[in-house]
Structure formats: structure tokens, C-alpha cells
Amino acid sequence: MQAYLTLTRRELAGYFMSMTGYVIIAAATLLIGVSFKAVLEPLQHVPTLLPVTELFFNTLFFWLVLLFPPAVITMRIFAFEKFSGTFETLMTAPVTDLQVVLAKFTSAFLFYCVMWLPLVACILIVRHYTSDTTAFDTGAVGSTFFGIALFGCLFISAGICASSLTKSQAIAVMISLAFALSLLILSFLAGQSTGDTSWKGQLPQ
């Protein structure tokens, strides 16, 4: 357990001690803000029957934040270790393969969660200034963040797998993005084949 925690701290510190980590957070914050603005701006003039959470998932910027950062976050996890020659040293240390993989996954997921914190600030700001205190249901918002976390687990796992296959961080990003985009396209095609994909159409009759 101590080895796992030490490796997790080491990997997590690597994100915050490099410029790449702050660039990822800055880019994600920008896209989250633009996405939130794209959701709220039309609601000033035209009411909608759709839940705000569904509108948020329908914006392009949201999917950009969901798909691209995990690939960039995980690109160096194993690829950089192999490129710099520290992979052999790490694997011969008194730690198990499971501890190494779990530590790298945990650190990447924690950084991914930190990256989404600006969305919490957006929700709190809107809730503070709106006249309707029930505009944002706690359950709906919580389930939205839970869904984002689950997506993150999937894409981070795929990114770690891609990073373990090559020494090149660029190739790792491309493999991870190819996997993520393939899943997105398949989900879109599956949604189109079912006909009515709105939230009303999915309610039991």
C-alpha cells in the first residue's frame, strides 16, 4: 500500500510540475466556459423542455473536453518512461505490476477530476444569480458528474493502454483518440438507428 501511495504521489506531482498539466487545465477551462455559455445563452430568450444536463451533453465543446484531454493526460504515462529509459528501473523496483498500473491510473484520474472543477464553479455561479433556486437539481447535477467520471475512467484506461504500446507520446495520443472517436461514432450510429433519441422518447409509455 505504501508503494502504491508513493507512486501515486510521484505521478500526480509530475502533472503539476510540468507546463503540460497547466496547459491542459487552461484549455479545458476555456472549453467548459464556452460550452456552458452555449447552453445558457439560448435560454435567455426561448424556453426549452429539455433538461439542462441534456443540453450540456449536446454541445460540441463538451465532447471536446471529454475526448481530447484524457489522451493528452495519459500519453506520457508509459511512453515517456520507455523513451527516457526509466521504465526498466521502475519495473525492477520492489513494486508489483498491479501497483504501478493502479498508481498511474489513480494519478491520471485525480488530475482529470481537477480539470473538471471549473464546471462546478460555473454551476454555483449560475445557481447563485438565478431567481429559481431549484433550477439545478442536485440529483441531475450529481449524475452528470458521475457520468463524466465514468467516461473519464474509460478513456483514461484506453489512454494508459495506448501509452504502454509505444515509446512515442504522439502515437499514444493518436491511438487513444482513435479509440475514443470510434466509440463516439458507434454511439451516434446506435442512437440514429433507434429513431426517437430525445429524452421524452426514452420514457416508458
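Ser176 is buried, with a relative accessible area of 5%; buried means under 20% relative accessible area, exposed over 50% and partly exposed in between, for a 1.4 Å probe and protein chains only. Ser176 sits in helix α10, residues 169-193. Leaving out residues up to four places away in sequence, Ser176 touches Ala71, Phe155, Ala158, Gly159 and Ala162, where contact means heavy atoms within 4.5 Å.

The model is predicted: local features need pLDDT of at least 70, side-chain atom pairs count only at pLDDT 80 or more, and totals for chains, interfaces and linings use all residues. Residues are numbered from 1 along each chain as its sequence is written, and side-chain values use heavy atoms, with hydrogens and water left out.

The chain has 10 helices and 0 strands. Helices (H or I, at least four residues) and strands (E, at least two) are DSSP runs numbered from the N terminus. Along the sequence the pattern reads α-α-α-α-α-α-α-α-α-α. Of the 205 residues in the chain, 33% are buried. Among contacts in the chain with a separation of 6 or more, 79% are between residues 24 or more positions apart.

Helix α1 (residues 2-16) and α7 have axes that come within 8 Å and cross at roughly 40 degrees. Axes here are lines fitted to C-alpha atoms, for helices over the stretch in contact, and angles run from 0 to 180 degrees between N-to-C directions. The two helices are therefore oblique to each other: angles under 35 degrees count as roughly parallel, over 145 as roughly antiparallel, 65 to 115 as roughly perpendicular and the rest as oblique. The crossing of α1 and α7 is right-handed; a crossing is right-handed if the near helix is turned clockwise from the far one by less than a right angle, and left-handed if anticlockwise. On the α1 side the contact includes Tyr4, Leu7, Leu12 and Phe16, and on the α7 side the residues include Val100, Leu102, Ala108, Phe111 and Val114. By class, the residues of the α1 contact with α7 are 13 nonpolar, 4 polar and 2 charged. Ala, Val, Leu, Ile, Met, Phe, Trp, Tyr, Cys and Pro count as nonpolar, Asp, Glu, Lys and Arg as charged, and the others, Gly among them, as polar.

Helix α7 (residues 97-115) also packs with helix α4 (residues 60-74), at an angle of about 140 degrees and with the axes 10 Å apart. That angle makes α4 oblique to α7. The crossing of α4 and α7 is right-handed. Val65, Leu66, Pro69, Pro70, Ile73 and Thr74 of α4 meet Ala108, Phe111, Tyr112 and Met115 of α7. The residues of this contact divide into 9 nonpolar, 1 polar and no charged. Ala108 and Phe111 are among the α7 residues in the contact with α4, and both are also listed in the contact with α1.

Helix α8 (residues 117-129) and α9 have axes that come within 12 Å and cross at roughly 165 degrees. That makes α8 roughly antiparallel to α9. The crossing of α8 and α9 is right-handed. Leu119, Val120, Ile123 and Arg127 of α8 make the contact with Thr138, Val141, Phe145 and Ile148 of α9. These residues divide into 6 nonpolar, 1 polar and 1 charged.

The aromatic side chains can be followed separately. Rings of Phe, Tyr and Trp (its six-membered ring) pair if their centres lie within 6.5 Å; planes under 30 degrees apart count as stacked, over 60 as edge-to-face and the rest as tilted. By this rule there are 10 aromatic pairs. Trp63 and Phe151 form an edge-to-face pair, 5.8 Å centre to centre with 85 degrees between the planes. This pair links distant parts of the chain, since Trp63 is in helix α4 and Phe151 is in helix α9 (residues 138-164), 88 residues apart. Phe151 counts as partly exposed, at 30% relative accessibility. The rings of Phe109 and Tyr112 have centres 6.3 Å apart and planes at 25 degrees, so this pair is stacked. Both residues lie in helix α7, 3 residues apart, about one turn of the helix. Tyr112 is buried, at 1% relative accessibility. Phe62, Trp63, Phe105, Phe109, Tyr112, Trp116, Phe151 and Phe155 form one aromatic cluster. Phe155, in this cluster, is also one of the residues that Ser176 touches.

Ser84 counts as partly exposed, at 37% relative accessibility. Ser84 and Lys167 are 83 residues apart along the chain, with their C-alpha atoms separated by 9.0 Å.
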